[in-house]
Amino acid sequence: MSSFSISSGHHTLYGTKDNLVDQDFNWHCYNNFNNHQKKGNNMSQCDVTEAGVPLNSPAFLSWRKLQLSRAKLKASSKTSALLSGFAMVAMVEMQISEDSTVPEGMLIAFAICTTLLVAVHMLALMISTCILPNIDAVCNLHSVSLVHEAPHERLHWYIETAWAFSTLLGLLLFLAEIAILCWVKFYDISKYAAWSAVIMLIPVLVIFLAFAIHFYQSMVAHKYEVTVSGIRQLELLKEQIEAGDLERTNGLLLNTSGTQIV
């Protein structure tokens, strides 16, 4: 793969044929930013970060996804470790006498719910524990150019699975665990207390499901708006790049004597 540099006037392109598009994009952003500065504007269509990376570049968008994946994995690991620990303590500390009148079906439901709760959270915790160090290693370098070394794109579905198991399925199982635990704990003492606990958890479960549905719809709507806005910016950027290419081509023809190709 051959490398080259093209110098013309005040501008120089470095790189290979594979990254010529990125270099051309950065060149256009630089020119567009300078033109806006000359006109007295503070912002341009190609905003850049402190490191000089355009906000619309694929590398920066991937960096944002990396930070989001990192936050999800951290939340999943903490939540799963906490709730699975509560479930284990509840199962160990539960004392059931031989003459208990608790229905056998309720005891079976308690055993199944506790096992599923611990298993789901342990799966989410295992995924988070395995993936998070590889993401942290790249995030701690604070370099957008190294974002391709993180496995967040390839392991996207595993990250989403851990997030769903920890925050959605795991919390639903935890609410069911509380209801069954209250029933098993208070059934021999007072059936009214057992029923009261179950009745109180019903509106909580409804509110939880309503929030989950509303949150999902809001996120989908927000993602749609962001996507539409990004498409509009890309269309505008395409027009500006085409205009810049035409202007640069005319400048190269006028300054042929100053062009050097290595």
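# Notebook: a walk through the helices

I started at L66, which touches I135, V138, C139, V147, A150 and H152 once residues up to four places away in sequence are set aside. A reminder to myself: this is a predicted model.

**Core around L66.** I looked next for nonpolar cores. The largest one has 15 residues, and L66 is among those with the most contacts inside it, along with W63, L73, I131, I135, V138 and I159. I checked where its members come from: α2, α3 and α4 (156-186) are the elements that give two or more residues to this core. The biggest giver is α3, with seven residues. Another core lies apart from it, with nine residues, including V102, C113, W183 and A194.

**S69.** I moved along to S69, which is found in helix α2, residues 58-93. Is S69 buried or exposed? I noted a relative accessible area of 8%; that is under the 20% cut-off, so S69 counts as buried. Which residues does S69 meet beyond its neighbours within four places in sequence? I found I135, H152 and I159 in contact with S69. I135 and H152 were already on my list for L66.

**A59.** I stayed in helix α2 for A59. At 30% relative accessibility A59 is partly exposed, because that value falls between the 20% and 50% limits. Neighbours within four places aside, A59 is in contact with V144 and V147. I also looked at the spacing of A59 and V147: their C-alpha atoms are 6.8 Å apart, though 88 residues separate them in sequence.

**Helix α3.** I took the length of α3 (residues 104-139) next. This helix has 36 residues and reaches 51 Å from first C-alpha to last, close to the 52 Å expected at 1.5 Å a residue. Where does α3 kink? I found a kink of about 35° at L132, shortly before the proline P133.

**Cysteines.** I checked two cysteines for burial. C113 is buried, since its relative accessibility is 6%, and C139 is buried too, at 1%. I then looked for disulfides, and the count came to zero.

Residues 162-186 are 100% helix and 0% strand, with end C-alpha atoms 34 Å apart. Residues 192-216 are likewise 100% helix and 0% strand, and here the end C-alpha atoms lie 37 Å apart.

**L209.** I picked L209 in helix α5, residues 191-254. L209 is partly exposed, with a relative accessible area of 37%. I set L209 against L172: the two are 37 residues apart along the chain, and their C-alpha atoms are separated by 8.9 Å.

**Whole chain.** To finish, I stepped back. I counted five helices and three strands in the protein, and along the sequence they read β-β-α-α-α-α-α-β. Of the 262 residues, 29% count as buried. Taking contacts between residues at least 6 apart in sequence, I noted that 70% join residues at least 24 apart. The pair A59 and V147, at 88 residues apart in sequence, is a friendly example to keep in mind.

Technical notes: Residues numbered from 1 in each chain as written. Predicted model: local features only at pLDDT ≥ 70, side-chain atom pairs only at ≥ 80, totals over all residues. Heavy atoms only, no water. Helix = DSSP H or I, 4+ residues; strand = E, 2+ residues; numbered from the N terminus. Buried < 20%, exposed > 50% of the residue type's maximum accessible area, 1.4 Å probe, protein only. Contact = heavy atoms within 4.5 Å. Expected span 1.5 Å × (residues − 1). Bend = angle between axes of the 7 residues up to and from the residue. Disulfide = S-S within 2.5 Å. Core = buried A, V, L, I, M, F, W, Y, C linked by side-chain atoms within 4.5 Å.
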